[in-house]
Amino acid sequence: GILPVHSTGVELGYDLAMGSGQLHLRSTIANGRGNNPDDIRVVDDTNDAKSVLATIFYDGGGLRVGASGLYDRIAAADATVRPDLPDETIDEVITNVHFVLHSGDLQVTAESYTVLHMTNDDTFRTISSYAMGSYQLDKYRPYFRAEFIDVNGGIDPFFVPDATDPGAAVGRDLVETVTGIRIDVSEWAALKAEYRFMHPLKDGTGDDEHVGAVNFAFGI
């Protein structure tokens with residue numbers, strides 16, 4: 001995906017009692033991005049800069065709400081790695097807000113990310129947001145999810161180093177909805193059926209996609 005969900009570094013945290021819950025503060029310094037989104041820097045970094053992440057969230061009474069911000073400087077790469085933006089450093093800023101509610105049989109989750117990649121001449125912005133809700137009715141749990149992706153500034157040269165590559169997974173603007181139901185067949189088994197609809201936005205490239213899926217899972 002577009003987020004650096006894996007990193008190697010140091011995290012410091014502080015928890016403060018607040019009412020029936022806790023306020024959590026977190027700060028992380030870690031190795032930053034590698035040459036591409038799949039390049040996870042474990043032992044070293046590609047430059048002297050480190051990624052810095054700050055997070056604050058409240059958790060209590062089935063409610064969690066918070067925000068975070070990350071800054072990193074992605075090292076320049078030559079044309080063999082990043083042909084659309086050779087030998088240029090990229091500043092990365094990622095912001096996030098999230099909301100989670102677990103109240104009895106009701107579960108609601110909403111989250112939004114903004115990813116900014118800034119070069120000497122351009123700024124590329126990707127916004128990804130989703131919301132999901134479900135409700136337990138005996139052994140049935142119907143659910144619905146909506147996701148929105150908005151890309152501005154053109155094709156991001158970090159996510160898509162070569163826009164002419166026919167195999168490149170070019171990020172696109174779209175709206176996606178998922179409607180489904182989960183049936184708890186037993187304590188250790190569940191059946192899930194869902195319908196997914198994806199609609200491209202803005203430039204109108206691509207067709208609507210309709211996907212149906214059935215899944216059976218069990219534990220042993």
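Two strands are taken as paired if DSSP finds at least two bridges between them. Strands themselves are DSSP runs (E, at least two residues), numbered from the N terminus. The model is predicted, so that local features need pLDDT of at least 70 and side-chain atom pairs count only at pLDDT 80 or more, while totals for chains, interfaces and linings use all residues. Residues are numbered from 1 along each chain as its sequence is written, and side-chain values use heavy atoms, with hydrogens and water left out.

The protein contains eleven strands and zero helices. These strands form an open antiparallel sheet in the order β1-β2-β3-β4-β5-β6-β7-β8-β9-β10-β11. Because β1 (9–18) and β11 (209–218) stand at the edges with a single partner strand each, one side of each has no neighbour in the sheet. From one strand to the next the twist averages 10° (axes are lines fitted to C-alpha atoms, and angles run from 0 to 180 degrees between N-to-C directions).

Within this sheet, β3 (residues 51–60) pairs with β4 (residues 63–74) in the antiparallel sense over nine bridges. Asp-59 stands opposite Arg-64 in β4.

Overall values for the protein are as follows.

| Property | Value |
|---|---|
| C-alpha trace along its principal axes | about 60 × 50 × 35 Å |
| Buried residues (under 20% relative accessible area, 1.4 Å probe, protein chains only) | 28% of the 220 residues |

Of the contacts (heavy atoms within 4.5 Å) with a separation of 6 or more, 47% involve residues 24 or more positions apart.

Conventions: Helices (H or I, at least four residues) and strands (E, at least two) are DSSP runs, numbered from the N terminus. Buried means under 20% relative accessible area, exposed over 50%, partly exposed in between (1.4 Å probe, protein chains only).
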